[in-house]
Amino acid sequence: MRAIAGILGLFLTLFCLVPAPAEAAPTELPAGAQLPVRVRVAVRILKVLSIKEVVGEGRLFVEVTQRWTDHRQAFDPVAIGFGRLDRTGADADAYLKSIWTPGLEIENRIGEPEARTVATSTYANGEVMLIERYEARYRFGLNLNAFPFDRQDLTLSFFLPRHAAQDAILISTESDRDISGIEDTTASVDWRAAGLRFANRDAMGWNARSYSKLDVTMTLARISTHYLLRIFVPIMAVLAVSVFVLWAPDLISKDKGSLIFSSLLALAAISFTFESSFPGCISLNTPVAQIISLGYMYLIVVLIVDMSLDTMSRRTRAVSGAVIDELRRQMRWALPSIMAAICIGAAVRAIPV
């Protein structure tokens, strides 16, 4: 009996030494609330830190405001002396662990947020407001068809993974949209803010239940003038060799051929450089791709026309030679002008209206 009593005492001692599990935040929906619970969302893009076309990612500094009503959090403002209770930092995090929260997530966010700050406000009628600010990386689908005159629609997809649409939904009212927006002076160096819009949609979950989603799409317009020196000036410099070939009077055919083929190699090197820096700007039907592709053909046409006129000039009589000289003078103006008009047209056509 003493052995049994000793064993029981040992078990009781160990049981007392085991720490009690931390109290989990309530998962039940707000009592007395009309289903579905409406979670209001407002979003402010405080800063576009970077857009990486290579990997289809963006880094943003955002502020997300959530509002919902939980009558369990209501209080008597007369007894407390305040109509609103504010909490920040660690106090706000501790408070959020003790109450029901919607569990809002962003579907295309990569990893955990950084530099996070949080604040809460609880009103006497039970309305809870949660404000979070943080930096995070997001996965976006970028369309470079009009590069570098493109406008990108970057979407943040908010959803509630813990609650189906019949229990809780995401909405954005007029007042929420009034406080939402993109800070005009904080966009990345190569982009400018062009608008923010909201759209609700439903999505099917893994258990065949419908879930509410809220897509917040910001539109960024690329500042194309920043790419003049980086893209168009090098291309025009290579194509300008054709003007030298057409107008230089003392060049022999061998030198003209060497210049043209060197230009073709330089144009190929430029295209590989652009493709590595901006994937899709060469492989897709972008203005840059059109100009480079036509540039190959243009340089070859210039060489063929010039050599053909040289050959005809040596083999014809004096009268015909005058006609060929006039034709050469016309070609000196016509070929570069036609190419310049095509390049300008390709760029203008890609500019969004």
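The model is predicted, so local features need pLDDT of at least 70 and side-chain atom pairs count only at pLDDT 80 or more, while totals for chains, interfaces and linings use all residues. Residues are numbered from 1 along each chain as its sequence is written, and side-chain values use heavy atoms, with hydrogens and water left out.

The chain contains 9 helices and 11 strands. Helices (H or I, at least four residues) and strands (E, at least two) are DSSP runs, numbered from the N terminus. Of the 353 residues, 41% are buried. Buried means under 20% relative accessible area, exposed means over 50%, and partly exposed lies in between (1.4 Å probe, protein chains only). The chain exposes about 19,600 Å², and carbon and sulfur atoms supply 61% of that area. Accessible areas come from the Shrake-Rupley method with a 1.4 Å probe; for residues, only the protein chains shown count as cover. Among contacts with a separation of 6 or more, 74% join residues 24 or more positions apart. A contact means heavy atoms within 4.5 Å.

Helix packing comes next. Two packed helices are described by the angle between their axes and the distance between the axes. Axes are lines fitted to C-alpha atoms, for helices over the stretch in contact, and angles run from 0 to 180 degrees between N-to-C directions. Helix α7 (residues 253-277) packs on helix α8 (residues 287-315) at about 175°, with the axes 10 Å apart. This makes α7 roughly antiparallel to α8. Angles under 35 degrees count as roughly parallel, over 145 as roughly antiparallel, 65 to 115 as roughly perpendicular and the rest as oblique. On the α7 side, the contact includes Ile 260, Phe 261, Leu 264 and Leu 267. On the α8 side, it includes Ile 292, Tyr 296, Leu 299 and Leu 303. By class, the contact of α7 with α8 has 12 nonpolar, 5 polar and 3 charged residues. Here Ala, Val, Leu, Ile, Met, Phe, Trp, Tyr, Cys and Pro count as nonpolar, Asp, Glu, Lys and Arg as charged, and the others, Gly among them, as polar.

Helix α5 (residues 228-239) also meets α8, with axes that come within 11 Å and cross at roughly 5°. That makes α5 roughly parallel to α8. Ile 231, Phe 232, Ile 235, Met 236 and Leu 239 of α5 make the contact with α8 residues that include Val 288, Ile 291 and Tyr 298. The contact of α5 with α8 has 10 nonpolar residues, 1 polar and no charged.

In soluble globular proteins, nonpolar side chains tend to be buried together. The largest nonpolar core in this chain has 38 residues, and Tyr 138, Leu 156 and Phe 158 touch the most other members. A nonpolar core is a set of buried Ala, Val, Leu, Ile, Met, Phe, Trp, Tyr and Cys residues joined through side-chain atoms within 4.5 Å. Elements that each supply at least two residues of this core include β1 (37-52), α3 (89-98), β7 (151-159) and β11 (210-222). The largest share, 7 residues, comes from β1. Beyond its neighbours within four places in sequence, Phe 158 is in contact with residues including Val 43, Val 64, Leu 170 and Val 216. Apart from this core lies another, of 30 residues, among them Phe 147, Leu 239, Leu 246 and Val 288.

Several single residues complete the picture. Ser 242 lies in helix α6 (residues 241-247). Ser 242 is buried, with a relative accessible area of 0%. Leaving aside neighbours within four places in sequence, Ser 242 contacts Tyr 298, Leu 299 and Val 302. Ser 242 and Tyr 298 are 56 residues apart in sequence, and their C-alpha atoms are 8.6 Å apart. Ile 270, in helix α7, is buried at 13% relative accessibility. Not counting residues up to four places away in sequence, Ile 270 touches Pro 234, Ile 235 and Val 238.

Backbone geometry supplies two further details. Most residues other than glycine have a negative phi, and most peptide bonds are trans. The peptide bond from Phe 147 to Pro 148 is cis, with omega near 0°. Pro 148 lies in the loop between β6 and β7. Ala 115, in strand β5 (residues 109-123), has a positive phi near 50°. Ala 115 is exposed, at 52% relative accessibility.
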